[in-house]
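Below are some remarks for a colleague who has the coordinates open alongside. They are arranged as numbered points, each on one topic.

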Amino acid sequence: MNPYVVIGAGQAGMQVCDSLRKSGYDGELILLGEEDSLPYQRPPLSKKFLTGDLDRDRLLFRPAAYFDKIAVDVRLRTQVESIDRAARQIVLGDGSTLAYTKLALTTGTRVRPLNCPGHELDNIYYVRTLTDSEMLLQRLASTERVAVIGGGFIGLEVAAVARELEKQATVIEAQERLMARAVSPVVSDFYAKLHRSRGVDVRCSSAVESIVESKQGLLVNLADGARIESDIVVAGIGVLPNSELAENCGLACNSGIVVDEYAQTSDPHIVAAGDCTMHFNGFLQREIRLESVQNAVDQAKVAAATLCGQPQAYRQVPWFWSDQYDVKLQMAGIGMPFDQYAVRGDLASQAFSVFYFRDNTFVGADSINRPAEHMACRKLLTQGTTLSVAQAQDIDFDLKQLAKAG
Amino acid sequence: MPKITFVELNGERKECDVACGLSLMEGAIQNGIDGILAICGGSCACSTCHSYIDDAWVEKVGPANDIEDSTLELALERKPSSRLTCQVEVTEALEGLVVHIAQNDS
């Protein structure tokens with residue numbers, strides 16, 4: 001029998017391999033990765049890793065010996081050119097072919113590049129791969145001023161690190177508020193205030209017209225006429241799913257590789273998991289693409305189960321976190337869009353949760369320095385426990401007890 | 001380097017050298033200990049590095065911190081000796097520590 005092959009050595013790819021072994025698959029297993037590192041954690045790349053306090057080795061999920069132990073043939077620095085579904089083989093960058101019995105696509109995403117004039121200049125950085133962050137880390141040492149384009153999670157985390165390193169930091173966001181895609185205006189406003197209080201120049205509703213070189217570094221020209229002087233630009237304006245391999249071999253794609261609740265693509269021999277999938281999410285009961293650790297891990301488990309002929313539907317509650325300064329944002333469920341919300345706790349004390357409701361149903365919550373509430377919310381959402389607006393905003397109402405009672 | 005003994009779910013004891021400054025979770029992973037998943041990579045967000053500190057060591061290692069205490073709510077079988085190993089930093093004082101890995105795979 002030909003091997004099972006996993007394309008993409010990120011968190012989802014590693015989890016597919018791990019779960020295949022735990023599910024009893026004992027045949028040949030090959031993990032292909034383009035980068036030159038064993039699978040590593042990406043979340044710290046925009047956080048602690050940039051402070052220089054975290055060695056590269058500590059980012060690895062598992063040491064090399066682990067892959068030997070579970071008999072995964074990891075092939076790094078390996079490009080995949082194409083997939084020949086009829087012949088059930090893949091063509092590698094060096095022209096060789098690799099036949100497969102089953103295939104898992106865990107190809108992840110890549111950064112959305114800037115496209116304004118000047119986007120090709122030196123001193124413009126992105127944060128996606130370990131190499132990206134190593135280059136930025138190195139450059140930060142001789143940097144005084146950082147202009148961040150994009151007020152989403154990555155951009156704000158980078159701005160927070162820049163301030164912790166005592167650099168000047170400006171955040172330029174095209175939309176009228178920060179993290180607009182992911183959180184409500186209440187949370188956006190809280191974060192705008194937080195960053196301003198730490199000395200960040202936060203500019204919302206600011207489109208970038210161009211970036212030009214000046215004697216002192218870079219000049220970012222904004223549509224409103226403002227000019228931001230900076231030594232470097234860090235762009236965090238979102239990601240694009242790596243779905244070309246799938247598209248080119250005729251798999252259904254729609255802003256991501258389309259999979260069903262079982263991580264199955266439109267080819268019965270191919271599954272896909274993680275950031276690259278447009279998947280039917282059993283919890284949300286709709287199609288969505290999620291960029292998160294939770295989705296990478298949970299959907300990869302589902303994909304492995306499908307490959308092993310033990311299908312289990314993907315129904316996990318989405319969760320996500322972002323660390324900015326000493327403030328921990330934890331999100332449970334998907335709050336957007338909502339028609340009602342409730343604030344629990346005190347914004348001024350930097351410890352509160354915002355609960356979101358749609359058609360009188362509790363659909364998600366953002367917790368700021370409130371881990372117990374976040375955990376309770378994950379339980380409530382998993383169980384489908386009814387929660388009212390009045391209960392959510394009543395600080396004396398025992399959420400934990402409600403979650404325990406099921 | 002302190003010697004730490006990890007007891008896996010099947011009862012197997014593995015004595016490992018773990019560098020000071022690493023977390024117990026990192027020490028377990030580097031030494032190929034089964035049963036520690038650590039899917040959030042040590043951000044205290046997932047509770048899949050849950051373990052029980054051996055009774056003789058509970059006091060010395062100390063209780064869970066606030067965020068950890070909340071996160072432990074997600075753990076499958078919490079006990080008074082429960083800790084998330086990503087939140088325990090290895091120091092010389094932990095020479096000889098015994099840690100029992102909890103059930104982390106739901």
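1. In this predicted model, chain A contains an open sheet of 3 strands, in the order β13-β14-β15, with antiparallel pairing. The edges are taken by β13 (208-214) and β15 (227-230) of chain A, each of which has a single partner strand, so that one side of each is left without a neighbour in the sheet. From one strand to the next the twist averages 20°.

2. Within that sheet, β13(A) and strand β14 (residues 217-222) of chain A run antiparallel and are joined by 6 bridges.

3. Helix α4 of chain A covers residues 153-164, and its 12 residues reach 16 Å from the first C-alpha to the last, which is close to the 16 Å expected at 1.5 Å a residue. After the helix comes A:E166, a residue whose phi is positive, near 65°.

4. How many residues of α4(A) are buried? With burial taken as under 20% relative accessible area, the count is 9 of the 12, so the helix is largely enclosed by the rest of the structure. The buried residues are A:F153, A:G155, A:L156, A:E157, A:V158, A:A159, A:A160, A:V161 and A:A162, a list that includes the glutamate A:E157.

5. What do these buried residues of α4(A) pack against? Their surroundings in chain A consist of the strands β10 (145-149), β11 (168-172), β16 (232-235), β22 (319-324) and β23 (327-333), together with the helix α5 (185-197).

6. Turning to chain B, strand β1 (residues 3-7) and strand β2 (residues 13-17) of that chain pair in the antiparallel sense over 5 bridges, and B:V7 stands opposite B:R13 in β2(B). The hairpin formed by β1(B) and β2(B) has 5 residues between the strands, and in this hairpin B:G11 takes a positive phi near 95°.

7. Between the two chains, 23 residues of chain B are in contact with 22 residues of chain A. The area buried between chain B and chain A is about 2000 Å², and carbon and sulfur atoms give 54% of this area.

8. As for charged contacts, the rule finds 2 salt bridges across the interface of chain B and chain A. A salt bridge also links the side chains of B:E26 and A:R58, with an N to O distance of 2.7 Å, against a cut-off of 4 Å for such a pair.

Definitions and conventions
Residues are numbered from 1 along each chain as its sequence is written. Chains are lettered from A and ligands numbered from 1 in the order in which they are written. This is a predicted model: local features need pLDDT of at least 70, side-chain atom pairs count only at pLDDT 80 or more; totals for chains, interfaces and linings use all residues. Side-chain values use heavy atoms; hydrogens and water are left out. Helices (H or I, at least four residues) and strands (E, at least two) are DSSP runs, numbered from the N terminus. The expected span of a helix is 1.5 Å times one less than its number of residues. Buried means under 20% relative accessible area, exposed over 50%, partly exposed in between (1.4 Å probe, protein chains only). Contact means heavy atoms within 4.5 Å. Two strands pair if DSSP finds at least two bridges between them. Axes are lines fitted to C-alpha atoms, for helices over the stretch in contact, and angles run from 0 to 180 degrees between N-to-C directions. Buried area is the accessible area (1.4 Å probe) that two parts lose on being put together, summed over both.
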